[in-house]
Amino acid sequence: MTKLENFINSFNKTFIVEGRYKLFASGISNTIFIAFFATLMGIAIGLFIALVKTNAKNNRKLFVLDKICSLYVTIIRGTPVVVQLLIMYYVIFVNIDNSILVAILTFGINSGAYVSEIARAGIESVDKGQIEAGMSLGLDRKKTMIYIIFPQALKNILPALGNEFIALLKETSVAGYVPIIDLTKAGDIVRSRTWEPFFPLYSVALFYLVMVVGLTAVQKRLERRLSESDRN
Amino acid sequence: MIEIKNIKKSFGKNEVLKNINTEIKKGDKVVIIGPSGSGKSTLLRCMNLLETPTSGSIVFQGTDITDKKSDINKIRQRMGMVFQHFNLFPHLTVLENIMLAPVKLNLQTKEEAEENALRLLERIGLSDKKYEYPAMLSGGQKQRIAIVRSLSMKPEIMLFDEPTSALDPEMIGEVLKLMKDLAEDGMTMVVVTHEMGFAKSVANRILFMDEGKILEENNPQDFFLNPVHERSKEFLSKILYNI
């Protein structure tokens with residue numbers, strides 16, 4: 001057999017035989033599905049914690065909540081996400097059959113801790129005079145936050161946020177520790193069938209790379225749009 | 001319009017305002033002057049509760065604004081404030097800066113607010129800047145837009161916190177001119193400034209402050225020609241220097 005025939009044969013075994021491309025396709029779809037909803041959850045949790053933390057300084061009622069949030073961030077950042085996933089699947093949600101849902105919860109809760117620190121830094125990066133200007137016009141705290149602080153904070157944290165979501169997408173590659181066939185697991189299954197690691201592993205790597213490059217492009221576009229007000 | 005009664009304000013152990021009493025009447029043009037750290041900005045910021053007084057009360061149009069039950073956001077809608085560093089919203093265009101508060105507070109429709117904003121921009125001769133972002137404007141233009149942003153809320157009183165202190169010397173005139181126009185239109189104004197020329201020609205009352213107290217309250221003629229308090233004399237002799 002020539003090298004080319006070898007190559008075609010391997011490709012065939014990896015993707016075509018037994019319809020294995022379907023396994024990759026469902027792996028990619030699971031990875032995107034988990035990462036997408038975990039991202040949304042991470043943003044929601046992160047924003048909530050950032051708001052608690054930035055408001056706790058002048059609102060005593062938030063003292064206890066602030067401490068709980070700090071504890072959450074400490075625990076989540078202090079333990080590996082694989083361990084969190086195993087605990088969630090085998091201990092906390094042992095009665096839930098839907099392993100994808102458990103994965104979304106795990107990665108969402110994990111990401112929330114990181115997003116909260118990014119969002120807090122973003123809110124604090126906006127000049128205090130902006131809040132005062134909003135309040136002096138009679139806007140309440142909520143409206144000042146939504147219309148004046150958040151848009152400026154978002155612009156400042158977009159690079160860090162993009163980084164976090166790229167990291168999250170790649171971190172979902174440990175989802176296969178529980179019964180989920182994500183992209184990495186799909187590649188691994190195919191490798192164990194064909195006994196040829198080259199194609200499945202490089203394919204998996206390439207698929208992640210394409211997704212990350214796509215995400216980066218979206219991020220760059222957003223950054224350009226938000227920096228429209230900077231040109232002078 | 002505003003009655004200030006026994007106001008005290010401390011930051012930690014540092015007492016910045018020591019028992020301030022004064023009254024701003026409708027149509028007053030009050031200029032507060034004094035050395036740095038005398039508490040004049042703090043007093044101004046207490047008037048719309050950007051600083052909460054440690055004790056005492058501030059009554060605006062019959063409402064005690066220091067009372068926790070009064071809706072300070074509603075009250076602030078009737079008081080404009082202009083800051084030393086303009087504090088325009090950098091992510092919004094000039095037009096959006098002016099329209100934001102009236103629209104988001106449901107006081108004007110978008111169309112009304114835009115019409116109003118365009119009229120205000122026309123008045124200060126900056127109509128051609130309506131779609132530009134603050135980063136593209138000069139300091140003087142920014143401050144004039146900050147002033148009309150406050151005016152878009154149709155306030156009953158305007159508070160100015162050192163509005164020209166951060167400006168290039170060449171830009172001060174255009175801002176003071178706009179403030180003088182406002183004064184001539186009958187706006188009630190409280191101005192913290194170091195512009196003695198403005199104080200002389202526009203104010204009907206001067207408050208001289210030092211170390212957290214109002215040391216002298218006088219009309220501008222007497223204050224600049226025959227100041228009563230020793231500290232006023234010393235302050236004026238130092239700033240109205242002849243070399």
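**Entry 1: ground rules.** I am working with a predicted model, where local features need pLDDT of at least 70, side-chain atom pairs count only at pLDDT 80 or more, and totals for chains, interfaces and linings use all residues. Residues are numbered from 1 along each chain as its sequence is written, chains are lettered from A and ligands numbered from 1 in the order written, and side-chain values use heavy atoms, with hydrogens and water left out.

**Entry 2: the interface.** I looked up contacts (heavy atoms within 4.5 Å) and found 22 residues of chain A touching 24 residues of chain B. The buried area is about 2100 Å², with 61% from carbon and sulfur atoms; buried area is the accessible area (1.4 Å probe) that two parts lose on being put together, summed over both.

**Entry 3: the bridge across.** I searched for salt bridges (a side-chain nitrogen of Lys or Arg within 4 Å of a carboxyl oxygen of Asp or Glu), and the interface has one. B:Arg45 and A:Glu132 form a salt bridge at 2.6 Å, N to O. I checked burial (buried is under 20% relative accessible area, exposed over 50%, partly exposed in between; 1.4 Å probe, protein chains only). B:Arg45 is buried at 12%, and A:Glu132 is buried at 12%.

**Entry 4: within chain A.** The whole structure has 22 salt bridges over all chains. I noted A:Glu18 with A:Arg193 at 3.1 Å, N to O; A:Glu18 and A:Arg193 are both exposed. I also noted A:Lys57 with A:Glu124 at 3.2 Å, N to O. A:Lys57 is exposed at 65% relative accessibility, while A:Glu124 is partly exposed at 41%.
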